[in-house]
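Take a look at the model below. We will walk through it step by step.

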Amino acid sequence: MQDTTLTTARKKKPFPWHILVFMAPAVIVYTAIMILPLAETLRLSLFQRDSVTQAVSWVGLENYLRLFFDPFWVGPFFNALGNNFFFFVMHMLLQNPIGILIAALLSMVHLPGKKLYRTAIFMPTLLSFVIVGFVWKLILSPLWGVSKGMMTDVGIGHLFMPFLGKEETALTTLSLISVWQFIGIPMMLIYAALLSIPEEVIEAAECDGVTGLAQFFKIKLILILPTIGIISILTFVGNFNAFDLIYTTQGPLAGPDFSTDLLGTILYRTFYGQQTQPGDPNMGAAIATIMFFIILAGVAVYLFFIQRKLTRYEM
Amino acid sequence: MAISRARRNRVSELMAHAILLTFAVIAMFPVILIIINSFKTKKAIFKSPLSLPNAESFDLVGYTTVFTQGNFPLYFTNSVLVTVGSLFFVLLFGAMAAFALSEYKFPFNRLTGLYLALGIMIPIRLGTVGILTLMVATKLVNTHWALILVYTAQGLPLAIFILSEFMATVSKDLKAAGRIDGLSEYSIFFRLVVPLVRPALATVAVFTMIPIWNDLWFPLILAPSEATKTLTLGAQVFVGQFVNNWNAILAAMALAIIPVLVLYTIFSRQLIRGLTSGAVK
């Protein structure tokens, strides 16, 4: 890039140093700390360390073959992958529609106290996973029994169980906690998108007698579809990277019995090792690479199939 | 007709309040639970977790434990240092690059923009292996710089993406006038453009700040030493160590909530303004 800038610029004016000065810090930091390490991950996944001699050698795609076909890896890997899809689907079904509903209610023209609601609902998004994980563990634990007491008060006490401690309920419970935490993001973005719909469009709709719910579904929802698209892809990328919530509530072993294991936790265990297994950076790199391709595939699907179909209206 | 419409609005308004209030209560319940119980005796925490502290159950033992046994003031300083440092570089470098991309025509302008935007979609966490190797090689492990550099790289793509949209909206006449007055390109950027895109900078700041302040992954891997531990990592370790000291844990968590609350209150007005003006364009 530098050289071409130099040759084309030489013909006309002195070399535009200021462009280089403006661009260089961002490009250098980004390339050195983000792009090169990502490339390094791809490279590492093609090597393996010999357990006896400790010599590192090229093994080609062997790590990937192990991940997909070696019984030791296949079970845990596809378990984590399946869990991750479940986690994502829960967010798409709950977090985003509820976020849109809240935003739609907040954008009602006359609604006193909307700032308070907005702040309260956005609050969990600001909290760290350590707090979120721990407080929900407390609330749901049979030991403290806040939830048990509350459920008893409304007459469903018999339904209480250690939600985080049972294989059947743990992942669903964690998905709901994560939805609780991040609902503020779709809410904020959709709220902003709704506010920026021009007055004239709404007035025109009202003149045509399109009001209330019909107005929302026939006009506003269509206009904010691009924002919903962006939120969906952000949800996808975020969910396939999830790690912290599982780590802080269930530990690196993603208990009970790996029922809450996600790609992020299996990556952590593989890379650093955990009680039952020694750390294996090369295998970890292979998992990270697979995650990279899953996310890339998701983003590509979004860009080529979804975003193209979305019509952007000039506002 | 006017009357019936007003009445219908009142009904729908009430329903809106009911729904929003429900969600607000669900959102706030755990936070309030932590805060009220952090001021109570251990006995009261278990016996009546939902009640407010009164003269009998009020107890500050949790807070005294946190301040005497944990290194919380240090962790707090570390978190502030890392977050503010990263934010500074993300906003400065991001705004500079965004300005260059939106203001000047140069070869590979669009390609560079695309290259930088790539990072929005790819989580930096997947490069952890390479980052760790790099930090070990440059002896930056267990320094604040390791975290600041990583978070800067992480925050730049989104910052550049959002800011270049905004920079494009700054009036061309203004910049032209500045050039006629003999301002250098640097003065045009720092004195004319930066003040005009302040709401955008606030939006970027909030969205960059939240994940940095709350991150557990990189502090755990790059800077786990006692001297560089961040508040999030410190709280995680503390919660693990004091697993039965409920007073201390609740107090530690209450303390970790406060800074975020303060920061959000400062930025929230600019955040909404930045978001909406960004969407209108």
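Which residue forms a salt bridge with Lys229(B)? The partner is Glu226(B), and the closest N and O atoms are 2.9 Å apart. A salt bridge here is a side-chain nitrogen of Lys or Arg within 4 Å of a carboxyl oxygen of Asp or Glu. Lys229(B) counts as buried, at 8% relative accessibility. Glu226(B) is partly exposed, at 37%. The cut-offs are these: buried means under 20% relative accessible area, exposed means over 50%, and partly exposed lies in between (1.4 Å probe, protein chains only).

Before going on, some ground rules. This is a predicted model, in which local features need pLDDT of at least 70, side-chain atom pairs count only at pLDDT 80 or more, and totals for chains, interfaces and linings use all residues. Residues are numbered from 1 along each chain as its sequence is written, chains are lettered from A and ligands numbered from 1 in the order in which they are written, and side-chain values use heavy atoms, leaving out hydrogens and water.

Now back to the salt bridges. Over all chains, the whole structure has 8 of them. One joins Arg179(B) to Glu103(B), at 3.0 Å from N to O. This pair links distant parts of the chain, 76 residues apart: Arg179(B) sits in helix 8 (residues 172–180) of chain B, and Glu103(B) in helix 4 (residues 72–103) of chain B. Helices (H or I, at least four residues) are DSSP runs, numbered from the N terminus. Arg179(B) is partly exposed, at 32% relative accessibility. Glu103(B) is buried, at 18%. Salt bridges with shared partners join Glu103(B), Lys175(B), Arg179(B) and Glu185(B) into one network.

What about the place where the chains meet? In all, 83 residues of chain A are in contact (heavy atoms within 4.5 Å) with 88 residues of chain B. The area buried between them is about 8,200 Å², and carbon and sulfur atoms give 82% of it. Buried area is the accessible area (1.4 Å probe) that two parts lose on being put together, summed over both. In chain A, Phe22(A), Tyr30(A) and Trp144(A) lose the most area to chain B, together 10% of what that side buries.

How many salt bridges cross this interface? The rule finds 1. Asp244(A) and Arg125(B) form a salt bridge through their side chains, at 3.2 Å from N to O. Both residues, Asp244(A) and Arg125(B), are buried. On the chain A side, helix 2 (residues 17–44) gives the largest share of what touches chain B, 21 residues.

Next, look inside chain A. His91(A) lies in helix 4 (residues 71–106) of chain A. His91(A) is buried, with a relative accessible area of 1%. Beyond residues up to four places away in sequence, His91(A) touches Asn96(A), Ser175(A), Ser178(A), Val179(A), Thr235(A) and Asn239(A).

Thr227(A) is in helix 12 (residues 225–239) of chain A. Leaving aside neighbours within four places in sequence, Thr227(A) is in contact with Leu189(A), Ile190(A) and Ala193(A). Thr227(A) and Leu189(A) are 38 residues apart along the chain, yet 7.3 Å separates their C-alpha atoms.

Finish with helix 3 (residues 61–69) of chain B. Its buried residues are Gly62(B), Tyr63(B), Thr65(B) and Val66(B). They cover an arc of only 160° around the axis (taken from the directions from the helix axis to the C-beta atoms), so they lie on the same side of helix 3 of chain B.

Terms used: Helix = DSSP H or I, 4+ residues; strand = E, 2+ residues; numbered from the N terminus.
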